[in-house]
Amino acid sequence: MALGKWVVTSKLCLVLFSGQGFFYAVSWRIKNYIRQRRERMIDDMKEQLEAIRAEADAELSAVKDAKALDALRVKFLGKKGALTAILKQMGKLTAEERPVMGQLANEVRTFIEEAIAAKQTEITRLEMQARLASETIDVTLPGQKQSLGSLHPLAIVENEIKEIFLGMGFEIADGPEVEYDYYNFEALNLPPDHPARDTQDTFYITDNILLRTQTSSVQVHVMENQKPPIRVISPGRVFRSDAVDATHSPLFHQIEGLVVDKGITMADLKGTLEMLMKRLYGPDCKIRLRPHHFPFTEPSAEVDVMCFGCMGKGCRICKNEGYIELLGAGMVHPKVLEGCGIDSSVYSGFAFGLGLERVVMRRYNISDMRLLFENDYRFLEQF
Ligand SMILES: [Zn+2]
C-alpha cells in the first residue's frame, strides 16, 4: 500500500511539474479569478439595486408635493435615472445571469413605481383637503352689494315722450344720421344760398353728404314714402359744429313731430303740444306761442313752457320771464309739401322740433348740458 501511494503521489508531482500541469494550474486560477470577479460584479449590482430601492423609499417619505414627486420619478425611473444606469450594465452578464438580475431589477422598478403611485394618491388627497380648507365660504359674512344699472336721463325722458305720442296715435319714424344735403336743407326750403344755413353749420363728409343738423330731414323721407294722413315723431341724434359749453354740444338730440292731413290747423299744433307739456310737467303746465321764422314752416312759432320754478311769476331759472323757450314749431310750408308730392291745396300739416336735452335739463333741474355726456357715475346713478 505504501509503495502504491508513493507511485500515485510521484505521478501527480510529475503531472504538476510538467509544462502541461503548470498550464492547467494557471488556467484554473485564472478561471477562478474571473468567476470571483463576476460574482463580485453581480453582488455589486444586487447591492446597487437594493441601495436604489432603499434610497427611493427614504426620499419618497420626505416628498410633500407633486413637483418634488415628479423630480423623484425622473431621478430613479427616468432615461438618465439610477435604475436605467444599472440596467445598461446587464449587457455584461451571461445568458444564465441575466434573468436573475432582470427579475431583481423589475422588482425594484415595480416597488418604486407602486410607491410613487401611492404617494401621488396621497398628495392629491392632501391638496384637495387644503383647497377645501382654503375655499371655505363664510355664509355669515355680509354680502357684496351689486349695483344695478339704470337708464340714462335722456333715455328716460325720450321713452316717456314716445309713450305720450304713441298714446295720441303717432308712429315712430327713423332716419339716417349721415344725410344728403337735399334732405337736411334743400327739401326743407333751405336752398344752398339761404342765410339760415349759417346757423346750422355741420360736419361735411363730402360737399353733398353731411351729418344731419336736425331731425326735420326725416319729415321729407316720411312724406316721400307715405301718403297722408301722416302722424309721426322721429327722435334721434343731430350734429352741429358748436363748441362745447353749458348749453351747447356738437351732438345733441331732437324729437321731430309731423302731422299732415286734411284740415290740420295751428289749433291742432297748440293742442298737441299742450297735451305733451301737461303730461311731462303736470296738469297745471301752460304753453305760449310766439311768432318766429323757420324756412320750412309758415306760420312759425317758438313755443315756451311755463316755468316750473315760479309757475309763471318769474324767477332765477326763467330769468324773470315766467316762461322758458323749449321748441320750435309751425305749419308745414306749402313748398315743402309740394316738394314731396303732396297737394298743398288739399292737405296741410304742422311740424315741431323739440330739443331733448333742454326738456331733460328742465325736468331734472340740470344746469349744465355737459353732465349729460360726461358719463360721470356719481351723476348718472341719481336716475
Ligand atoms: Zn321761473
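Student: Where is lysine 319 placed?

Tutor: Lysine 319 is in the loop between β7 and β8. Those labels come from DSSP runs, numbered from the N terminus: helices are H or I with at least four residues, strands are E with at least two. Two housekeeping points before we go on. This is a predicted model, where local features need pLDDT of at least 70 and side-chain atom pairs count only at pLDDT 80 or more, while totals for chains, interfaces and linings use all residues. Residues are numbered from 1 along each chain as its sequence is written.

Student: What is the phi of lysine 319, and is the residue buried or exposed?

Tutor: Most residues other than glycine have a negative phi, and most peptide bonds are trans. Lysine 319 has a positive phi of about 50 degrees, though it isn't a glycine. For burial we count other C-beta atoms, placed from the backbone, within 10 Å of a residue's own: 20 or more is buried, 12 or fewer is exposed, and in between is partly exposed. Lysine 319 counts as exposed because it has 10 C-beta neighbours inside 10 Å.

Student: What about asparagine 375; where is it?

Tutor: Asparagine 375 is in the loop between α11 (356-364) and α12 (377-380). Its phi is also positive, near 55 degrees. With 9 other C-beta atoms within 10 Å, asparagine 375 is exposed.

Student: How many residues make up the largest nonpolar core?

Tutor: In soluble globular proteins, nonpolar side chains tend to be buried together. By a nonpolar core we mean buried Ala, Val, Leu, Ile, Met, Phe, Trp, Tyr and Cys residues joined through C-beta atoms within 7 Å. The largest one here has 53 residues, and Val260, Ala329 and Phe350 have the most contacts inside it. Strand β8 (residues 323-332) gives the most to this core, with five residues. Apart from that core lies another, of 12 residues, including Leu49 and Ile86.

Student: How do I read the packing of α3 and α5?

Tutor: Two packed helices are described by the angle between their axes and the distance between the axes. Axes are lines fitted to C-alpha atoms, for helices over the stretch in contact, and angles run from 0 to 180 degrees between N-to-C directions. Helix α3 (residues 66-77) and helix α5 (residues 97-134) pack at about 175 degrees, with axes 10 Å apart. So α3 is roughly antiparallel to α5. The cut-offs are under 35 degrees for roughly parallel, over 145 for roughly antiparallel, 65 to 115 for roughly perpendicular, and oblique for the rest. Residues are in contact if their C-beta atoms, placed from the backbone, lie within 7 Å; among those in this contact are Leu69 and Phe76 of α3 and Ile112 and Ile116 of α5.

Student: At what angle do α6 and α11 pack?

Tutor: Helix α6 (residues 153-167) and α11 pack at about 100 degrees, with their axes 10 Å apart. They are therefore roughly perpendicular to each other. Pro153, Leu154, Val157 and Glu158 in α6 meet Leu356, Val359, Val360, Arg363 and Tyr364 in α11.

Notes:
Two residues are in contact if their C-beta atoms, placed from the backbone, lie within 7 Å.
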